[in-house]
Amino acid sequence: MEFLLENILNLIGFIIGIIIGVFAYVGYKNTGSPVLFRLTLAFVAIGIGFGIIWCGYMIDDLYLQEGKINRGLQALGLGIQTIGYFFIAFSHTIKSFFPKSRYFRSVGILPLFALSAMNIEHIIRSFSFILLVYGAIETFVSFLEGKQKGALAVGTGLALLAFGEFIAWYSLVFPESVLYSVSILLKISGLISLFLPISRLPLRKIKFDDLDDDEDMKFDDLDDGKFGR
Amino acid sequence: MGIYRKQIEIVGDILYAAEELTIDQEGASITKLIQKANISHTRISKILSNLVSQGLLEQVDSKRACKYKISMSGKDFLREYKTFSEFTDNFGLTI
């Protein structure tokens, strides 16, 4: 059951990550916005991370048949996902200077101590958790400021992914319980919630810019860096 | 404390203003664009010449003063800008 759920989660994560990543890349190509570039890196990394783990499960299912994924492959996939979560958090950090967020620091440091003796996979998961919590908090704050329904859905998605990671830790303490399956279901719900506002945007109408790279519009060189970030 | 607009947001505001103010073929005057996009004359002159050279705005020769109207590629850019602005808003970020 867990094996099947893991397969579904990672396949969904791969597809959603790549779709949002490509969408952000099209936006970056057409507008030159550095925020969209960071979101491209974030979601492509998240998609690739999920994809690697999915491939690991498929390889085991089709060839090795050991009933478990190669730990190195799992750690690699989780590491790449964490890089993606980092870029989401990093975009928020630039927007609202990191040291202001005392709440995040107090909440975020705790799991690192709690899992200091665990293996690298769980340390990576703890980083993902911290970054996801931070991203979720910042997105919720933006929702409170702007009342954008999309921001609420994305914030909820990031929060569900973070909660999923948190529950996955607890499954280490209670390995035979349903906690791990619950964490996977939470993460699937989080990914769907992330995708909801994006699915409402007019994906089909968007196309790549016909201009060559040299001819692309460059607005950054217009003025002193006062307005640029 | 005031929030600085990014360069791309200023460009978006100018194009939006130009689109709003281009009622007929005459285009919008610099004064109207300054008021609508909330930007200084020094800054807007530089940006306008860049937007014209990029083909996003068209310069219209008028009897009294130079006017600008949004071009087709400017409209395309503005549409893309709005879409991706909404996209980044969903993440609690600004484009």
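Reader: Is Glu58(B) buried, partly exposed or exposed?
Author: Glu58(B) is partly exposed, at a relative accessible area of 35%. Buried means under 20% relative accessible area, exposed over 50%, and partly exposed lies in between, with a 1.4 Å probe and protein chains only. Keep in mind that this is a predicted model, where local features need pLDDT of at least 70, side-chain atom pairs count only at pLDDT 80 or more, and totals for chains, interfaces and linings use all residues. Residues are numbered from 1 along each chain as its sequence is written, chains are lettered from A and ligands numbered from 1 in the order in which they are written, and side-chain values use heavy atoms, with hydrogens and water left out.

Reader: Ok, and which side chain does Glu58(B) meet in a salt bridge?
Author: That would be Lys69(B), at 4.0 Å from N to O. Glu58(B) sits in strand β2 (residues 57-61) of chain B and Lys69(B) in strand β3 (residues 66-70) of chain B, so the pair ties together parts 11 residues apart in sequence. Lys69(B) is buried, with a relative accessible area of 15%.

Reader: What's the cut-off for a salt bridge, and how many are there over all chains?
Author: A side-chain nitrogen of Lys or Arg has to be within 4 Å of a carboxyl oxygen of Asp or Glu. The structure has five of them over all chains.

Reader: What does Arg79(B) form a salt bridge with?
Author: With Asp76(B), where the closest N and O atoms are 3.4 Å apart. Both residues lie in helix α4 (residues 72-90) of chain B, three residues apart, about one turn of the helix. Arg79(B) is partly exposed at 42% relative accessible area, and Asp76(B) is partly exposed at 34%.

Reader: Over to chain A. Where are Lys187(A) and Glu165(A)?
Author: Their side chains meet in a salt bridge of 3.7 Å, N to O. The pair links distant parts of the chain, with Lys187(A) in helix α7 (residues 179-199) of chain A and Glu165(A) in helix α6 (residues 149-173) of chain A, 22 residues apart.

Reader: Is Lys187(A) buried or exposed?
Author: Buried, at 6% relative accessible area for Lys187(A). Glu165(A) is buried too, at 1%.

Reader: New topic: which residues is Thr139(A) in contact with, leaving aside neighbours within four places in sequence?
Author: In chain A, His92(A), Ala151(A), Val154(A), Gly155(A) and Leu158(A) are among them, and the list also includes Asn90(B), Phe91(B) and Gly92(B). Contact means heavy atoms within 4.5 Å. Thr139(A) is found in helix α5 (residues 120-146) of chain A and is buried, with a relative accessible area of 0%.

Technical notes
Helices (H or I, at least four residues) and strands (E, at least two) are DSSP runs, numbered from the N terminus.
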